[in-house]
Amino acid sequence: QVQPVESGGGLVQAGGSLRLSCTASGRTFSGYNMGWFRQAPGKEREFVAGIIWSPETTRYADSVKGRFTISRDNAKNTVYLQMNSLKPEDTAVYYCTTVSRATMTSFGSWGQGTQVTVSS
């Protein structure tokens, strides 16, 4: 089973950018559909972005469309989330995991996540 390891979070001002990375411990991401999720304090974990293995297509939550970009580098076994024009409401712990193709439902292991804090 793929065990994700997230990194790249931090503190940024509103309007700034961050790039999150997700690598796999123990196995390759090859062949898997991958997704980014986030959980803000006191809220449910929510879907942010997903990338289908083949053909490579992407999906986004309405709240991040046009600002976030998910991508993958198969040679590096890494999935990225480029986050631009960040808003205070993007503050959350961000996680990546394997997802189903049809509904982007998570079905894999969760990592520790990486904290993103956006100041106003």
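1. Phe37, Phe47, Tyr95 and Trp110 are linked by ring pairs into a cluster. Rings of Phe, Tyr and Trp (its six-membered ring) are taken to pair if their centres lie within 6.5 Å; planes under 30 degrees apart count as stacked, over 60 as edge-to-face and the rest as tilted. Under this rule the count is three aromatic pairs.

2. The model is predicted: local features need pLDDT of at least 70 and side-chain atom pairs count only at pLDDT 80 or more, while totals for chains, interfaces and linings use all residues. Residues are numbered from 1 along each chain as its sequence is written, and side-chain values use heavy atoms, with hydrogens and water left out.

3. Phe37 and Phe47 form an edge-to-face pair, with 5.7 Å from centre to centre and 75° between the planes. Phe37 belongs to strand E4 (residues 34–39) and Phe47 to strand E5 (residues 46–51), and the two are ten residues apart. Strands (E, at least two residues) are DSSP runs, numbered from the N terminus. Phe37 is buried, at 7% relative accessible area, whereas Phe47 is partly exposed, at 24%. Here buried means under 20% relative accessible area, exposed over 50%, and partly exposed in between (1.4 Å probe, protein chains only).

4. Phe37 also pairs with Trp110: the ring centres are 5.3 Å apart and the planes stand at 90°, so this pair is edge-to-face. Because Phe37 lies in strand E4 and Trp110 in the loop between strand E9 (92–98) and strand E10 (114–119), the pair ties together parts that are 73 residues apart in sequence. Trp110 is partly exposed, with a relative accessible area of 31%.

5. Arg45 lies over the face of Tyr95, 4.0 Å from the ring centre. The charged end of Arg45 also sits over the ring of Trp110, at 4.0 Å from its centre. A charge sits over a ring if NZ of Lys or CZ of Arg is within 6 Å of the ring centre and within 35 degrees of the ring normal.

6. A separate point concerns an open sheet of four strands, in the order E1-E3-E8-E7, with antiparallel pairing. Its edge strands, E1 (3–7) and E7 (68–73), each pair on one side only. Two strands pair if DSSP finds at least two bridges between them. Strand E7 is joined to strand E8 (residues 78–83) by six bridges, and the two run antiparallel. Ile70 stands opposite Leu81 in E8.
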